[in-house]
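Subject: Structure handover, salt bridges

Hello,

Here is the structure you will be working with. Please open it and keep it beside this message while you read.

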Amino acid sequence: MPEGNRIISALFLAGAASLVALVAYALAPAGLPDLAARGRSRAEIAVFLPDRASWEALELGARRAADAGWVSITENAPDRLVLTPTKGGRRILLTWHHPAGEWELSDRLEALLRGSNPPEAVIGSSNSALTEAIARTLAASPPGASPPLLIPSASAVSLPDSEAPMRPRTLLGIHPDRTFRFCLNNTHMAALLVDSLTSGPSEHPSRVILISDPADPFSADLAQSCKRALIEKSIKAPLDSITARVDPSLTLGEPTIEEQRLVAPIVAAAQSSTPAQPTWAFLTLQGQAARRLIQAIDQALPQSASANLQVLCGDGIGLSTLEQLTGRVRFSIRCVASGGVLGTSEVPNPSDLGRVEAELISALVTALALSEKSGDDLARSLDRLDLDPGDPGTIGRSLRLDKGERLGDDLGVVFELRPDLAQIQAHLPNPTGWRSYRLGPDRHMHPILGPGTP
């Protein structure tokens, strides 16, 4: 290109750039959107849950929060929720990222943290292994790009450490001071189970059998929590610990030969026990594995020994499973749930579904408002939550956190399937003791009046 043409082209480009800048300057005061301000107008929350059922539980929590008047649901798409606080403040965008496993989860989260609009908080997950992966990724991020982690349903307290097996790590200590658990932890669940059995006049067991899967962080931690709870309650019955590697791909069907072998000691112990001093069998397994062992026990246990056995589970099974087992098993089963029982006065939603998720959303809305008002970090605002039952933002029970763990004497419920009564009962902890309810056909809980053993 001749020299003269190059000079003309340069002048033309410079003039065009000046014109663009002048137009932008002239239009900006008239209302051009500021992209950074628009990004700050809503809180971006990344949700890492492994399956559709977990996401639907969060959606149900959002609907319960909307029914309670805390938020309105502006958008409800398959993978996103937009919530608008009713008392003002930024909208909240919940986006569901559903990776296949821990490595993909970490990669996706790292990409979000490096992006131009990183999330202000992360919600996840529904099991301890995936939650550990999230916490590790957040802990490795730069301090300025390290959002808090809100856990809806991962209950393990300690996790195995292959490099230091004598010093297990705590789940909340991986991303310290920025991890908040809204469900019960395993220590609390085990204490509720044992306390519900020992707070009345019933005798201690004649034998305790505990089945766990050491490869499952939830199971291994719950098993240790149950052992500590037995010691704290001075249960001196002989304890047999049985470990099993559970195949998570198995679905309900006829119990395998291995499962029949696992429950044989439980059946034998129950046959040599009495109703006054029964055998306690802790099944610290999740979902299908716990259900299959219950089925194997029911097939092998003689009718004459059915009153001599008490099967105990954490939140690996729940109220829905007990409803399915009603009238189908001949021994008592107790399990723990993180929610509480809703009485008849708390209509229209008597079920416990979505309750913890609704409380998590309430905490997020409240903490974001506190942060905007005070300028504090979101994690600090979450740590400052202090709501009593009946306060705006609660569903009949307290909402406060200490070092990331949920506090409150009103947390958790022990559901009990009583074959002799052909119904499910619920036992709630209380500062003055336990309150017991029976489950009606509409899932409302009706108080059981008069003295009784939880």
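Below are some notes on the salt bridges.

The model is predicted. Side chains of opposite charge can pair when their charged atoms come close. In this model, 25 salt bridges were counted.

E75 and R80

A salt bridge joins the side chains of E75 and R80, with 2.9 Å from N to O. E75 is partly exposed, because its relative accessibility of 31% lies between the limits of 20% and 50%. R80 has a relative accessible area of 28%, so R80 is partly exposed as well.

R330 and D298

Here the N to O distance is 3.5 Å, and the salt bridge runs between the side chains of R330 and D298. This pair connects distant parts of the chain, 32 residues apart. R330 lies in the loop between α10 (319-325) and β14 (332-337), while D298 belongs to helix α9 (residues 287-300). Are these two residues buried or partly exposed? R330 is partly exposed, at 27% relative accessible area. D298, at 16%, falls under the 20% cut-off and is therefore buried.

R418 and E416

The side chains of R418 and E416 also form a salt bridge, at 4.0 Å from N to O. E416 is buried, because its relative accessibility is 3% and the cut-off for buried is under 20%.

Regards

Terms used. Residues are numbered from 1 along each chain as its sequence is written. This is a predicted model: local features need pLDDT of at least 70, side-chain atom pairs count only at pLDDT 80 or more; totals for chains, interfaces and linings use all residues. Side-chain values use heavy atoms; hydrogens and water are left out. Buried means under 20% relative accessible area, exposed over 50%, partly exposed in between (1.4 Å probe, protein chains only). Helices (H or I, at least four residues) and strands (E, at least two) are DSSP runs, numbered from the N terminus.
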